[in-house]
Amino acid sequence: MAHDTDTTVEVRRSRRRKSTVSAYRDGQRTIVAIPARFTRAQEREWVQRMLDRLADKERRRRPSDDELLERATDLATKYLGGRAHPTSVRWAANQDKRWGSCTLIDGSIRISTRVQGMPGWVLDYVLLHELAHLLHAGHGPGFWALLESYPRTERARGFLEGVAYGRDQAGDAPSDTESDDADSDDTDVDDADSDDALSDDALSDDAETALAPAGAVSA
C-alpha cells in the first residue's frame, strides 16, 4: 500500500494483537500493525489515522528554525528565569561531532540536525544546555545547577550517551573537543535512536494506540 512517493505503507495483521494498533518508520517504509480481526474498512480508517498522527509527531520533532527560537525562549523563561536571551537558534548540518553549540559573543545557538527526530524532551535538554551556556560558559557545578530545574536532564543525558555509544561501536563517535566552526568561544553539549513508534497519546513519545472493542480510541 503506497501512501506517498517517498514512503511505502506495510500493514501487518496479528492474531495476538487484540486491541492495539501501532505505527513506526522503518527506513522508507511505514509499518502499521493491526489486530487480525479488523475489517478492510477498519484497516483503512486506522492506517490513515495512524499515518496522520505519525506525521504530526514528526513535525513536532522537527521544528523550523523560527520554531526552535520560540521553543528555546519558552524554555529559558520556564527553567532559567528568563535570563538567557538567544539571538538566534537554528539547525546546523555541520555539527557532526556534537549535539549543539553556542557562540557567546553574539548569543547564537546551533543544534545538530542529528537531534531531529529524537524525543521532544531530548531536544529540550539540548536547547537548555546551550541556553545555560549563555549564562555559564563551562561545565562546572554552577552550570549544572542551572539545569537542575529541568526534570529530564539525567534521562536526556543518558539517552544521548546511549546514542553516542552506538556511534562509538560503529566507529563514528562524537567528540566533545573537536569544533566544527571557526568560532573559538563555542561551547558544546556533552555527549544524546529515536523512538519512532507512535503513541496512544498523540503527545507522548512511546509506543501504542489503544482501541476499545467497538473500535473507538480509549483514553
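A salt bridge is a side-chain nitrogen of Lys or Arg within 4 Å of a carboxyl oxygen of Asp or Glu; a search of the whole structure finds seven. The model is predicted: local features need pLDDT of at least 70, side-chain atom pairs count only at pLDDT 80 or more, and totals for chains, interfaces and linings use all residues. Residues are numbered from 1 along each chain as its sequence is written, and side-chain values use heavy atoms, with hydrogens and water left out.

**View 1. Salt bridge between Arg-29 and Glu-10.** The N to O distance is 2.6 Å. The pair links distant parts of the chain, 19 residues apart: Arg-29 in strand 3 (residues 29–35) and Glu-10 in strand 1 (residues 8–14). Strands (E, at least two residues) and helices (H or I, at least four) are DSSP runs, numbered from the N terminus.

**View 2. Salt bridge between Arg-71 and Asp-124.** The side chains meet at 2.6 Å, N to O. Arg-71 lies in helix 2 (residues 65–79) and Asp-124 in helix 3, so the pair ties together parts 53 residues apart in sequence. Asp-124 is buried, with a relative accessible area of 15%, whereas Arg-71 is partly exposed at 21%. Buried means under 20% relative accessible area, exposed over 50%, and partly exposed in between (1.4 Å probe, protein chains only).

**View 3. Hairpin of strand 5 and strand 6.** Strand 5 (residues 100–103) runs antiparallel to strand 6 (residues 108–112), joined by four bridges; strands pair if DSSP finds at least two bridges between them. Gly-100 stands opposite Ile-111. Gly-107 in the turn has a positive phi of about 75°.
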